[in-house]
Every structure is written in C-alpha cells, then in structure tokens.
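Subject: Structure for your review

Dear colleague,

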Amino acid sequence: MSWLPSLLTDTPESGYDLAIKLSRMAVKKTQPDDDTRTKLRADYANNADSLTMVSNVVATNFQTVAQANNYWRD
C-alpha cells in the first residue's frame with residue numbers, strides 16, 4: 001500500500017496534516033538512516049533558521065494540497 005494514495009482530503013486541516021507528512025517523508029527519503037536523522041535533529045530543533053525553513057517547506061506542500069483539493073470549494 002502506498003503511503004500517499006491521494007492528495008485529496010476532506011478539510012483544510014487534514015490537508016495541512018498531509019502537507020506536514022509530505023515534508024517529513026521528503027526528509028526521510030533524502031536521509032533514510034534513522035540514526036543519522038536522530039543525531040541531526042538536535043541541530044535543527046534548536047535553530048531558528050532551520051525551523052523557519054521547515055515552515056516554508058510545509059507551506060509549499062500545503063499550497064500543492066490545497067490546489068489539488070480545489071481549495072476545498074466543492
């Protein structure tokens with residue numbers, strides 16, 4: 001079963017949750033080693049610039065999900 005069966009969601013909130021999942025999966029697929037990700041987490045978790053960049057990535061993914069859902073107008 002695919003981890004991403006669809007970009008369609010029922011609500012904007014569930015769309016935002018999907019945007020977060022898309023962002024997290026990008027990191028996981030870019031750095032597949034769990035131990036390395038765990039070691040690096042402390043560096044970015046305490047770095048304001050890194051956290052701001054995370055917000056930008058999530059926002060970009062949310063734009064994609066929102067567009068796929070016709071901005072929940074239906």
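This is a predicted model: local features need pLDDT of at least 70, side-chain atom pairs count only at pLDDT 80 or more; totals for chains, interfaces and linings use all residues.

Residues are numbered from 1 along each chain as its sequence is written, and side-chain values use heavy atoms, with hydrogens and water left out.

The helix is α3, residues 48–68, where helices are DSSP runs of H or I with at least four residues, numbered from the N terminus. Its 21 residues reach 31 Å from the first C-alpha to the last, close to the 30 Å expected at 1.5 Å a residue, the expected span being 1.5 Å times one less than the number of residues.

In α3, V58, N61, V65 and A66 are buried (under 20% relative accessible area, with exposed over 50% and partly exposed in between, for a 1.4 Å probe and protein chains only). Seen down the axis of α3, these buried residues fall within an arc of 140 degrees, so they line one face of the helix; the arc is taken from the directions from the helix axis to the C-beta atoms. The face turned away from that buried side carries the exposed residues D49, Q63 and Q67.

L51, also in α3, is partly exposed, with a relative accessible area of 43%. Leaving aside neighbours within four places in sequence, L51 is in contact (heavy atoms within 4.5 Å) with Y44 and A45.

Just after α3, N70 takes a positive phi of about 50 degrees.

Terms used
Helices (H or I, at least four residues) and strands (E, at least two) are DSSP runs, numbered from the N terminus.
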